[in-house]
Amino acid sequence: MTKHIATKTDTWEIGGKTLSSRLLIGSALYPSPANMEDAIKISGAQIVTVALRRQAAGNTDAKGGNDFWDIIKSFGIEVLPNTAGSHSAKEAINTALMAREVFGTNWIKLEVIGDQYNLQPDPFETVKAAEVLIKEGFEVFPYTTDDLVVAKRLADVGCKILMPWGSMIGSGKGLMNPDNLIAIRKQFPDLQLVVDAGIGKPSHATQAMELGYDGVLLNSAIALAQDPVKMADAFRVAVEAGRLGYEAGVMQEREFASPSTPTVGTPFWHQFT
Amino acid sequence: MIEIIVNGTRTTIPNGLNVKEAVSALEYKGKGFALALNGTFVAVATYETTMVRDNDSIEILAPVQGG
């Protein structure tokens, strides 16, 4: 008799690295640095996002910056700096160049915001910045909407990774347009696709993975949970479940009911009229 | 003295300083930051050959939490 045992999903490659976790996690909004550390560790994530912000004068080593960076480095996982707060290609490009110097990585999560209310990415500036950064030797992880044509333009300029949003950053609304995400997946079977932003519940992450996405990037859903560490564990399991489900192949939907219990030998058999 | 803007705040530094000297004059210590002059990144390797002039704007950024 064959014994079936649930196994962890296999490895995948992104940005030239081979990883086993498909969960990318943010480092912001946690109740405390210790809580952040515990949550990131239990999530199993092997990529953590970070940012750059203005540094107060005097004693850089003691105030925030390097303390935080030392904690992150101690995790021994990949760091993905972002260009959050950029409103133009120029700002994003210069933030990326600064991040490469500080964090010592050519990975950049490219964010160019086009609207302050819903933090929707500016597709024109994002494509412009992506083209420049790729020529500068960056591995660009572009945060984009679920618009297929924008995804095409990003691929045209050389992006190997696309990160369409599930919904607005920090909204927790989940996948607003699963059909759009499916279209991007079908159009780009060879690119690494990560749903970034809008994930609120573990089931949202599972859904994204079931669509065939390669990974999920989230922050608020874990950091703003009542128990971030437990939620990080929940997302670890959810992402694995979604990937396993995708690999196993989901059954075809049917328009009508179909009994799972055999009909042959049904007792007290009768036909509805 | 010249007047410059550092991270959005006006301040003064001696005239004729390069970026490395300006950073020191502004009391930024350690290595964990990056700098932009008038919106353009300045690599550490070019600090000594890049001069800071009157009304220049400097951004000095360091690692923080991010999503």
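## Basis of the description

This is a predicted model, in which local features need pLDDT of at least 70 and side-chain atom pairs count only at pLDDT 80 or more, while totals for chains, interfaces and linings use all residues. Residues are numbered from 1 along each chain as its sequence is written, chains are lettered from A and ligands numbered from 1 in the order in which they are written, and side-chain values use heavy atoms, with hydrogens and water left out.

## Chain A as a whole

The secondary structure of chain A consists of 9 helices and 10 strands, where helices (H or I, at least four residues) and strands (E, at least two) are DSSP runs numbered from the N terminus. Taken along the principal axes, the box filled by the C-alpha atoms of chain A is roughly 85 × 40 × 35 Å.

Chain A has 273 residues, of which 49% count as buried; buried means under 20% relative accessible area, exposed means over 50%, and partly exposed lies in between, with a 1.4 Å probe and protein chains only. Among the contacts in chain A with a separation of 6 or more, 65% are between residues 24 or more positions apart, a contact being heavy atoms within 4.5 Å.

## Two contacts of helix 9 in chain A

Two packed helices are described by the angle between their axes and the distance between the axes. The axes are lines fitted to C-alpha atoms, for helices over the stretch in contact, and the angles run from 0 to 180 degrees between N-to-C directions. Helix 7 (residues 202-210) of chain A packs against helix 9 (residues 228-248) of chain A at an angle of about 25°, and their axes are 7 Å apart. Helix 7 of chain A is therefore roughly parallel to helix 9 of chain A, given that angles under 35 degrees count as roughly parallel, over 145 as roughly antiparallel, 65 to 115 as roughly perpendicular and the rest as oblique. The crossing of helix 7 of chain A and helix 9 of chain A is right-handed, a term used if the near helix is turned clockwise from the far one by less than a right angle, and left-handed if anticlockwise. The residues of this contact between helix 7 and helix 9 of chain A divide into 10 nonpolar, 2 polar and 2 charged, where Ala, Val, Leu, Ile, Met, Phe, Trp, Tyr, Cys and Pro count as nonpolar, Asp, Glu, Lys and Arg as charged, and the others, Gly among them, as polar.

Helix 1 (residues 33-43) of chain A also packs with helix 9 of chain A, at an angle of about 20° and with the axes 8 Å apart. This angle makes helix 1 of chain A roughly parallel to helix 9 of chain A, and their crossing is right-handed. From helix 1 of chain A, Asn35(A), Asp38(A), Ala39(A), Ile42(A) and Ser43(A) meet Pro228(A), Val229(A), Ala232(A), Asp233(A) and Arg236(A) in helix 9 of chain A. The residues of this contact comprise 5 nonpolar, 2 polar and 3 charged.

## Strands around strand 5 of chain B

Strand 5 (residues 57-65) of chain B pairs with strand 3 of chain B in the antiparallel sense over 4 bridges; two strands pair if DSSP finds at least two bridges between them. Ala36(B) has Glu59(B) as its bridge partner in strand 5 of chain B, and Ala34(B) stands opposite Leu61(B). Strand 1 (residues 2-6) of chain B runs parallel to strand 5 of chain B, joined by 2 bridges, with Val6(B) opposite Ile58(B). From the other chain, strand 4 (residues 47-54) of chain A pairs with strand 5 of chain B in the antiparallel sense over 5 bridges, and Arg54(A) stands opposite Leu61(B).

In strand 3 (residues 34-37) of chain B, Ala34(B) and Ala36(B) point one way and Leu35(B) and Leu37(B) the other way, and all are buried. Strand 3 of chain B also pairs with strand 4 (residues 40-42) of chain B, in the antiparallel sense over 3 bridges, and Leu35(B) stands opposite Val42(B). The hairpin of these two strands has 2 residues between them, and Asn38(B) takes a positive phi near 55° there.

## Two loop residues

Glu48(B), in the loop between strand 4 and strand 5 of chain B, counts as exposed because its relative accessibility is 53%. Not counting residues up to four places away in sequence, Glu48(B) touches Asn18(B) and Lys20(B).

Glu136(A) lies in the loop between helix 4 (123-135) and strand 7 (139-144) of chain A and, at 42% relative accessibility, counts as partly exposed. Leaving aside neighbours within four places in sequence, Glu136(A) is in contact with Leu97(A) and Arg100(A).
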